[in-house]
Amino acid sequence: EKTEALLKENKNFGMAEGQITLVQQDKVPAIMNNDGAFATDPSDPFKLLTKPHGHGDVHLLLYQAGLVKKWADSGVEWISFFQDTNGLVFNALTACMGVSKELGLEVNSLTVPRKPGEAVGAICKLVPNEEGKKKNLNELTINVEYNQLDALLKTTPVGGDQADEKTGLSPYPGNINVLVFAAKPYATNLEKTHGVVPEFVNPKYEDAEKTTFKKPTRLECMMQDYPRLCDDGAKVGFTSLDRFSCFSAVKNNINDAKTKAEKTGFGESGCTGEADAYKINRKKLKLVGVEIDDDGKLEKVLGIPCSMGAKVCLAPSFATTLAQLKKRFPEPKAVKISSKSTLILDGDITVKKLELDGALMVIAKPGAKVVIDEGKVENDGHEFKMIDVSDTSIDEKFRIRGYILEKKAGANFEVAEKGSYIISQGKAEKQQ
């Protein structure tokens with residue numbers, strides 16, 4: 001109900017009516033010991049305690065709703081799965097689909113370079129030994145969870161979850177649970193398997209002998225285990241991209257983010273997620289030739305390292321690919337953006353000339369075309385102001401970041417009427 005209300009309140013975030021289908025996952029009984037005894041609800045001894053079954057149920061739910069067959073029959077070629085905590089994924093999905101098409105992959109996992117010991121699963125090619133071959137086991141390209149990886153690799157000549165001497169990284173790319181499936185074979189396979197992914201149990205024990213659970217656990221399944229349902233001849237692979245381009249999760253509170261950043265360098269919190277979104281846009285502008293410090297400066301927000309620099313927001317209506325972005329900046333060497341700047345571009349906009357040292361927002365509504373042919377735009381701009389994160393009178397969306405945005409000054413242009421406009425000398429003038 002809350003999800004439906006959120007979508008209605010925000011008009012489906014721009015999606016047309018009928019484009020969004022909601023499916024609801026059921027829970028499963030929790031188990032309390034190694035014998036598999038069911039746990040009861042602490043508030044009601046006559047009621048079973050239930051827990052989520054894991055995101056592997058997505059395949060079952062899509063089958064039950066008939067969605068994959070419907071999509072495949074309608075001409076949809078590719079189906080992508082992404083995690084809602086990772087906003088950067090949309091920078092990489094088209095590239096991932098391109099790899100799938102080029103290599104004819106039924107299943108393609110998007111991955112990032114991984115550090116040994118990092119709490120991220122790894123994509124591995126599992127090859128059966130002689131005993132496995134006798135049992136007719138086949139090679140399998142699949143994710144191995146981080147808590148199983150080291151033990152698995154210790155049974156091989158690799159010797160454990162170790163770094164490559166040349167790169168300092170794990171030879172096995174990190175799984176970020178972003179998947180691209182070919183629609184037709186996926187639909188066919190769901191008809192055969194009903195999308196039921198193999199289950200496992202992962203209890204946390206209180207004692208070294210592993211006899212007593214810390215708390216009740218449950219049977220669960222994972223979406224990335226789908227390759228276990230594929231036929232022997234299915235082509236399964238992965239696409240690996242730099243982390244900055246496709247992965248910056250927002251899932252840790254401030255205290256947990258500090259701890260994680262100290263261990264891995266990645267806080268994966270509200271402030272890092274926002275900073276990384278600006279960073280990838282700076283890097284895009286740098287790639288097309290704009291003068292900008294793309295990496296920014298590493299600064300700590302409440303003890304969490306973040307890449308701070310120009311705050312660049314590029315709406316999908318402005319550009320979704322680098323090819324489109326290049327056309328938006330026909331003379332990129334005539335565009336310079338300082339590290340303190342905020343740049344927001346939304347709509348059919350061409351940036352011919354601009355030197356920005358402050359804040360500039362340009363919005364071109366549908367039907368309006370805007371050319372920015374400006375000299376220097378200079379003002380006090382926008383900056384982050386630290387807040388007391390324990391102050392509950394402040395909206396939670398700011399407290400999880402640790403700051404609010406203070407808009408000191410800025411140049412704002414919103415062109416609503418159809419036609420062609422030029423922004424020059426601080427004014428937007430319609431062209432005849």
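Strand β13 (residues 297-301) and strand β14 (residues 304-308) run antiparallel and are joined by 5 bridges. Strands here are DSSP runs of E of at least two residues, helices are DSSP runs of H or I of at least four, and both are numbered from the N terminus. Two strands count as paired if DSSP finds at least two bridges between them. Within this pair, Lys 300 has Pro 305 of β14 as its bridge partner. The hairpin leaves 2 residues between the strands, and Leu 302 takes a positive phi near 55 degrees there.

The model is predicted, so local features need pLDDT of at least 70 and side-chain atom pairs count only at pLDDT 80 or more, while totals for chains, interfaces and linings use all residues. Residues are numbered from 1 along each chain as its sequence is written, and side-chain values use heavy atoms, with hydrogens and water left out.

Next come the sheets. Strand β15 pairs with β17 (residues 342-346) in the parallel sense over 4 bridges, and Leu 314 has Leu 345 of β17 as its bridge partner.

Another open sheet has 5 strands in the order β16-β18-β20-β24-β25, and its pairing is mixed. Here β16 (335-337) and β25 (427-430) are the edge strands; each has a single partner, so one side of each is left without a neighbour in the sheet. The twist in this sheet averages 25 degrees from one strand to the next. Strand β16 and strand β18 (residues 348-357) pair in the parallel sense over 3 bridges, with Glu 355 of β18 as the bridge partner of Lys 336.

Ring pairs link Phe 81, Phe 181, Tyr 186 and Tyr 226 into a cluster. A charge sits over a ring if NZ of Lys or CZ of Arg is within 6 Å of the ring centre and within 35 degrees of the ring normal. Arg 243 lies over the face of Phe 266, at 3.8 Å from the ring centre, and Lys 283 lies over the face of Phe 244, at 4.8 Å from the ring centre.

Val 28 belongs to strand β1 (residues 27-29). Leaving aside residues up to four places away in sequence, Val 28 touches several residues, including Leu 49, Pro 52, His 53 and Arg 218, where contact means heavy atoms within 4.5 Å. The C-alpha atoms of Val 28 and Pro 171 are separated by 36 Å, and these residues are 143 apart along the chain.

Notes:
Axes fitted to C-alpha atoms, helices over the stretch in contact; angles between N-to-C directions. Phe/Tyr/Trp six-rings, centres within 6.5 Å; stacked < 30°, edge-to-face > 60°.
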